[in-house]
Amino acid sequence: MVSSTDPPVAMAVARASSTAVAAGARPPQAPPLRRPRGLRRKLELTLLLGPALALFVGFVLAPIGIAIYYSLYNWSGFGPLSDFVGVHNYKLALSDPVFRSAIAHNLTLAALSVIIQLPISIGLAMLLNRRTRGRSLLRLIVFAPYVLSEATTAVIWSLMLQPGGFVDQFLKAAGLGGLVHLWLADPNIVLYTLFIVITWKYVGFGIILLLAGLQGIPAELHEAAALDGASWWQTTRRIVLPLLGPTIRIWAFLAIIGSLQLFDVVWIMTGGGPANASVTMATYLINRGFQSYEFGYASAIAVILFIICFVFSLAYQRFALRRDTRGALTRAVG
Amino acid sequence: MSAVLRSAAAPRKPATPTGARRYSLATPFTFLAVLAIVAITVVPLLFVIEGGFRSTAQINSSPVGLPHPWVWSNYTTVLFSSAFWQFLGNSTLIAVVATGLAVGLGSMAAFALSRYEFKGREALFTVFIVGLLFPIGVASLPLYLPLQRIGLLDNQFGVAIPEAAFSLSITIVILRPFMRAVPGEIEDAAVVDGATRLRFFVRILLPLSRPALVTVAILAFVMSWNNYLLAYIVFTTPSHFTLPLGVATFQTQYSQDTARIFAFTALSMVPALGFFVLAERRIVAGLTGSLKG
């Protein structure tokens, strides 16, 4: 799964990689004919870079610094910052069973999305890759949920899953009445219900990515395999899946990062409940910051969440994506 | 010899070489699978749209069923209420400002980072790349107090400006290689004709970068349009709400009036789905293109 905010984010990570690849492929620099010197050049550079840099530092980098600073205080968000507690907030967070279960929920969702969404996406992408009539309409339909915001998705599914609502009635009509549950109120089920909603929203995105990957596989390879008498399964196993590797690895990256940051769907559908059964790191963070007014503590959570995402991104870039994007972000950052 | 070749090639023709054409919708399995996908995708959307045509009493007495009679008042109430149009207007304003800022400032920075040589250029680019790893969700809490201090809380710009800042990284990362790839000869020609570098940027490089600019604009716009968390934190006055925030709030606020929730939710899907149908190729190309490079 991929949260609404990060396709650009993580995609850009991927893109940054291809940037480096592209840069490596051609001479590193298009040499300018005339180099304006001195003051004029400096003015130009300031004019061009200044605004973007100010915006970026002020609203992207500074908040992280601010969060680190606040996280060292016991602070409600009002009044002076005076109660310095050092790393106490971090210790408190890491020993809090609710936060620990939030981490576990995020990891569960990440694992589920790779184990369940990936095969579904690959299967459907291969199905849609066949040249059938109405294929482009099918693609449009499959991709549609992805363009809805997570908030809208959450409301749609809250309506679908009301007790006695559409899903329950459908199951009863299909003779599966025994499966009816309190989808959002049963602590044993709620996390999986949310996972299904997220899958509904994001499978289309995976399909579109994988379709692009499938279309990058040269037809000659299929031809050659067919000539050699390869079965459908052999072709899939030995040609299609290996060549889809880079796409699958990027998809998995997006899905895991999205799972780690999941907020909107959970917040709107359950608020993390019942009894914290669906709490995620992000809902815990917002809950503690804006509903309990523990700003210092919530800042520590923000820093921990950020570190988890950051470390995961770097590790994934370094170990899983290295083959695809050699020398990109890994070299630039790590 | 040629006969041999021909006969070797002949049997291949009906067996279609691509391997992609061998099956058709007629295959029962394929047909069923496609039907299931379409149903699972479309039914929730239709359910919400159809629910908007029923009255709350109808929905309460039987949660699933066709409208009987069809009720138009839910939709007309929402369409004649100021709330829906306010949310729509706010979302549009914020998305336009965020996209404009991100693409405008981002393309300027990408120009400097791609076609100027100066000390620390690569380091600066790396700083922007690192920004990709900061999710806006995590930053929402620490953004709250600075926004409060500069008076941007409960203000559309308090959402639009941070969104623009968070879109800068992707914008620069996509635009830089694109601008770099424009041949130096074109710049030379412009310089020979007496153009300054800034003029070259505005009159030649930006028009040449149009496909990449469209991609980054779509990414920034969609990110802003769908953002919920930052709006949730920044806005307190309902007339400032964006569409995602409005839909989520509406659901809890009018929990007694289920039919209106259905209608409101259905209408809120219209802009996104409409934009998607119109710009599907661009969006898909943008999303997959930004991945494939």
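Q: Among contacts in chain A between residues at least 6 apart in sequence, what share join residues at least 24 apart?
A: That share is 72% for chain A, and please keep in mind throughout that this is a predicted model.

Q: What is chain A built from, in helices and strands?
A: Chain A has 14 helices and 0 strands, and when it is read along the sequence the pattern is α-α-α-α-α-α-α-α-α-α-α-α-α-α.

Q: And how many of its residues count as buried?
A: Of the 334 residues of chain A, 45% count as buried.

Q: What is the average pLDDT of chain A?
A: The average pLDDT of chain A is 83, and 84% of the residues score at least 70.

Q: Which elements of chain A have the lowest and the highest mean pLDDT?
A: The lowest mean, 39, belongs to helix α14, residues 329–333 of chain A, while α11(A) has the highest, at 95.

Q: Where does pLDDT stay under 50 in chain A?
A: One such stretch is residues 1–28 of chain A, for which the model has 87 contacts beyond four places in sequence. Another is residues 326–334 of chain A, with 21 contacts beyond four places in sequence. Where pLDDT is low, the predicted coordinates should not be read in detail.

Q: What about Asn276(A), what is its phi?
A: Asn276(A) has a positive phi of about 60°, although it is not a glycine, and it lies in the loop between α11 and α12 of chain A.

Q: Why does Asn276(A) count as partly exposed?
A: Asn276(A) has 19 other C-beta atoms within 10 Å, and because a residue is buried only if 20 or more lie within that distance, and exposed if 12 or fewer do, it falls in between.

Q: Where in chain B is there a cis peptide bond?
A: A cis peptide bond joins His68(B) and Pro69(B), where omega is about -5°. Pro69(B) is placed in the loop between α3 (56–61) and α4 (73–80) of chain B.

Q: And what is the phi of Asp154(B)?
A: The phi of Asp154(B) is positive, about 55°, although this residue is not a glycine. Asp154(B) belongs to the loop between α7 (136–149) and α8 (156–181) of chain B, and with 14 C-beta neighbours inside 10 Å it counts as partly exposed.

Q: How far apart are the C-alpha atoms of Gln148(B) and Val234(B)?
A: They are separated by 8.9 Å, although Gln148(B) and Val234(B) are 86 residues apart along the chain. Gln148(B) is found in helix α7 of chain B, and Gln148(B) is partly exposed, with 14 other C-beta atoms within 10 Å.

How values were computed:
Residues are numbered from 1 along each chain as its sequence is written. Chains are lettered from A and ligands numbered from 1 in the order in which they are written. This is a predicted model: local features need pLDDT of at least 70, side-chain atom pairs count only at pLDDT 80 or more; totals for chains, interfaces and linings use all residues. Helices (H or I, at least four residues) and strands (E, at least two) are DSSP runs, numbered from the N terminus. Two residues are in contact if their C-beta atoms, placed from the backbone, lie within 7 Å. pLDDT is the predictor's confidence in each residue, from 0 to 100.
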